[in-house]
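Student: Please take me through how to read some features of this structure, giving the general idea before each case.

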Amino acid sequence: MYAQFIKELIDLPDVLIQKVRKEEERWIFELSLPEQCPLCPVCLKRTIKMTGKKKQWMHGYAQRIGIFWVELPVERRRCCTCGMTFSTSYPGISPRSVATDAFQQWVAQSCIGTSIQAVARMLKLPYTTVERWFYTHAPSFLSNDIQPKAVCVDEFAFRKGHDYGVAVMDAETGEVYAVEAGKNEEAIGRVLAPVSGSVQYVVSDLAPAMKKAIQGVCPEAKHVVDYFHVIQLFTEALDRCRKSFGKGNKKHGHVRYVCRLLTQCPEKLTEEERQTVREWQKESDSLQAVYQSLQHFRYVSKSQSERQAKRRLNAWVHRYLFCPCSAVRAIAKSLVKRTDEIISCILSLIKRRGYGYRNIQRFALRVRLETANILS
């Protein structure tokens, strides 16, 4: 009965369970296959064994023991006829992966209904690894009945600096509808095509390719700029000023402290911290200009009506469009082209304040959905 339970737990066909051992905190199931002679993949002739070693893969998760591993022999073989050399592999187990396909699919399925970060913490795995597995297997979980009213679209990285993709998500339920490789206008158009018939609101960042794709695929939908990405323009400019100003040195703790004081709302800082920020502003004109423009835009985002939002936004643009600081001018030029989308963003914030503020965690995408609750 014990052996049968282990066999069902492993759930790999045609494997023999040799024994179970524990190395530190890792449970490992030693598996093997019946005696066989793999054929050459080129000429289908007999092969001989050159070398052999054992490799381990993550295969499952149990509540009390955590992740358990399987160990299988991997042989290097050579064809007696054509001289071809190759390594043996197993179905459902990639030789270059650290986990079996079944475990990766289970992890991706576990991310539905919660955040990727929560699953990564539960399994004690790197966030980027869980994220990559989710986006790899997410297309198999996509829904066929697609009729959302508000969606969020954003790019993400399969591998940072190498492979990128675009995904679209329901802003109300958090369900991922489509994933496409690439991040150009064509890829964004393909990912929006399945939801173009029913969507009324599209939330995205400030990328020009996003705006062109949304206008082309969903011309009747209302484009809303994500509030997080607007604030990110200011925080990145503040970080550049911090580096040129030489604050924070190179120690991680000092850098985080300086960044917190510069990006946090003044109301959430102590009087001593606010005084420190005022002293920094006196030492750098560019830092003072970016910091003041950020606080002024936060004042704009706290508007209580559409008319008030338009008046405050026009005043903000008029004040900073010709600011002596080049960083502030660049931000103003970026926002002046998106006046309608930013007004929609502010209106969505007004509607959220009517509900009472609630934190929306990121699901599947790296988008802080500050403007997601558009519809009641």
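Student: In which loop is Leu 44 found, and what is its phi?

Tutor: As a general idea, most residues other than glycine have a negative phi. Leu 44 is found in the loop between β2 (26–32) and β3, where helices (H or I, at least four residues) and strands (E, at least two) are DSSP runs numbered from the N terminus. Phi of Leu 44 is near 60 degrees, a positive value in a residue other than glycine. Please keep in mind that this is a predicted model, in which local features need pLDDT of at least 70 and side-chain atom pairs count only at pLDDT 80 or more, while totals for chains, interfaces and linings use all residues. Residues are numbered from 1 along each chain as its sequence is written, and side-chain values use heavy atoms, with hydrogens and water left out.

Student: Is Leu 44 buried or exposed?

Tutor: Leu 44 counts as exposed, at 59% relative accessibility; buried means under 20% relative accessible area, exposed over 50%, and partly exposed in between, with a 1.4 Å probe and protein chains only.

Student: Where does Lys 124 lie, and what is its phi?

Tutor: Lys 124 lies in the loop between α3 and α4, and has a positive phi of about 60 degrees although it is not a glycine. With a relative accessible area of 74%, Lys 124 is exposed.

Student: Which residues of helix α4 are buried, and what do they pack against?

Tutor: In helix α4 (residues 127–137), the buried residues are Thr 129, Val 130, Glu 131, Trp 133, Phe 134, Tyr 135 and His 137. These buried residues pack against β3 (47–62), α2 (101–110), α3 (116–123), β6 (150–159) and β8 (176–181).

Student: What does Trp 133 touch, not counting residues up to four places away in sequence?

Tutor: Contact means heavy atoms within 4.5 Å, and on that basis Trp 133 touches Met 58, Val 98, Ala 99, Phe 103, Gln 104, Val 107, Ala 108 and Leu 125. Trp 133 counts as buried, at 4% relative accessibility.

Student: Where does Val 107 lie, and with which residues is Val 107 in contact, leaving aside its neighbours within four places in sequence?

Tutor: Val 107 lies in helix α2 and is buried, with a relative accessible area of 0%. Leaving aside those neighbours, Val 107 is in contact with Val 119, Leu 123, Val 130 and Trp 133. The C-alpha atoms of Val 107 and Phe 134 are separated by 7.3 Å, although these residues are 27 apart along the chain.

Student: How do helices α11 and α12 cross?

Tutor: Two packed helices are described by the angle between their axes and the distance between the axes. The axes of α11 (residues 306–320) and α12 (residues 326–336) come within 9 Å and cross at roughly 140 degrees, the axes being lines fitted to C-alpha atoms over the stretch in contact, with angles from 0 to 180 degrees between N-to-C directions. The two helices are therefore oblique to each other, since angles under 35 degrees count as roughly parallel, over 145 as roughly antiparallel, 65 to 115 as roughly perpendicular and the rest as oblique.

Student: Which residues make the contact between α11 and α12?

Tutor: Trp 316, Val 317 and Tyr 320 of α11 make the contact with Val 328, Arg 329, Ile 331, Ala 332, Leu 335 and Val 336 of α12.
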